[in-house]
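These are my notebook entries on one structure. I wrote down each thing I looked up, in the order I looked.

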Amino acid sequence: FQRPVLVILDRSIDLASLLHHTWTCQALAHDILDFKSNRVEIEEVDESIVLNDGQHPTKRRSYDLMQTDKFWKQQKGNPFPIVAESIQEELERYRQSEEEVKRLKTAMGIEGDPQDLASSQLNDMTSKLTSAVSSLPELLERKKLLDAHTNIATALLDQIKKRKLDIFFETEEKIMAKQVQEKILIEILSDPTAGTPEDKLRLFLIHYICTPMMTQV
């Protein structure tokens with residue numbers, strides 16, 4: 001038996017991590033989206049409506065990210081690019097499953113939407129088609145979750161591009177590793193298209209905390 005050890009540290013020894021722009025999916029959602037109590041709310045463009053100025057209006061949508069969501073449970077701690085790739089892979093697997101159901105439906109001469117297959121007469125169907133039909137509820141639930149995660153990932157990507165958060169993340173990583181020059185820092189802080197005032201303040205404070213001596217610019 002090994003006795004457990006509880007280590008209590010003062011957070012003041014690592015203030016930079018509190019300000020650091022992160023790159024994992026869940027932390028990004030907390031940082032740049034409206035994410036509270038396992039519910040994330042995002043603004044989505046409604047392309048079905050065109051305003052007088054030619055723009056599309058936005059509507060607010062909410063998604064619950066629960067522990068029962070296997071994809072979220074597996075991917076929430078991964079870097080955003082890996083999560084985006086996983087979404088594409090899951091979408092491809094879903095499309096393959098959907099195409100298989102459609103192919104079987106066509107082969108058996110069944111018309112109508114795949115969702116209506118569950119109510120069709122299955123007297124003369126093969127066991128393979130029966131299996132495909134029984135998997136429809138799961139398939140539709142997968143599609144619903146994938147749509148939600150695709151929309152969330154799109155909202156995250158929009159903010160990353162708009163605020164150039166990848167540059168902030170990489171620069172802060174280098175600052176904390178003592179590998180960045182002040183010239184690069186000044187270029188980012190003076191770039192009007194990079195980040196919000198809060199993003200720049202966080203970057204500056206990280207540099208201030210991690211750099212014992214700052215040169216006067």
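**Entry 1: cavities**

How many cavities of 30 Å³ or more does the count come to by this rule? I took the rule first: on a 1 Å grid over the protein atoms alone, a cavity is a set of points where a 1.4 Å probe fits but cannot get out. The count comes to one cavity of 30 Å³ or more. The largest cavity has a volume of about 70 Å³, where a volume is the space filled by probe spheres set on the points, and grid points are joined across faces, edges and corners.

Before going on I noted the source: this is a predicted model, in which local features need pLDDT of at least 70 and side-chain atom pairs count only at pLDDT 80 or more, while totals for chains, interfaces and linings use all residues. Residues are numbered from 1 along each chain as its sequence is written, and side-chain values use heavy atoms, with hydrogens and water left out.

Next I listed the lining, that is, residues with an atom within 4 Å of a point. The largest cavity is lined by Cys25, Phe71, Trp72, Gln75, Lys76, Phe80, Val83, Ile87, His149, Ile152, Ala153 and Leu156. Helix 3 (70-75), helix 4 (80-107) and helix 6 (136-163) are the elements that give two or more residues to this lining. Helix 6 gives the largest share, four residues. I sorted the lining by class and got nine nonpolar, two polar and one charged residues. In this sorting Ala, Val, Leu, Ile, Met, Phe, Trp, Tyr, Cys and Pro count as nonpolar, Asp, Glu, Lys and Arg as charged, and the others, Gly among them, as polar.

**Entry 2: the whole chain**

I then went through the secondary structure of the protein chain, which comes to nine helices and three strands. Helices (H or I, at least four residues) and strands (E, at least two) are DSSP runs, numbered from the N terminus. From the N terminus on, the order is α-α-β-β-β-α-α-α-α-α-α-α.

The chain has 217 residues, of which 30% count as buried. Buried means under 20% relative accessible area, exposed means over 50%, and partly exposed lies in between (1.4 Å probe, protein chains only).

I also looked up contacts, meaning heavy atoms within 4.5 Å. Of the contacts between residues at least 6 apart in sequence, 60% join residues at least 24 apart.

**Entry 3: helix 7**

I wrote down the buried residues of helix 7: Leu165, Phe168, Phe169, Thr171, Glu172 and Ile175.

I picked out Thr171, which has a relative accessible area of 6% and so is buried. Leaving aside neighbours within four places in sequence, Thr171 is in contact with Val180, Ile188 and Leu203.

Phe204 counts as partly exposed, at 34% relative accessibility.

Leu28 sits in helix 2 (residues 25-32). Its relative accessible area is 1%, so Leu28 is buried. Not counting residues up to four places away in sequence, Leu28 touches Thr22, Trp23, Leu33, Phe80, Leu156 and Ile160. Leu28 and Leu165 are 137 residues apart along the chain, and 9.9 Å separates their C-alpha atoms.

Ala155 is in helix 6 and is buried, at 12%.

**Entry 4: positive phi**

Which residues other than glycine did I find with a positive phi? Ser37 has one of about 50°, and Lys178 has one near 60°. Ser37 lies in the loop between strand 1 (34-36) and strand 2 (39-45), and Lys178 in the loop between helix 7 and helix 8 (182-189). Ser37 is exposed at 75% relative accessibility, and Lys178 is exposed at 58%.

Definitions and conventions:
On a 1 Å grid over the protein atoms alone, a cavity is a set of points where a 1.4 Å probe fits but cannot get out, and a pocket is an open set with protein on both sides within 12 Å along at least five of seven lines; lining residues have an atom within 4 Å of a point.
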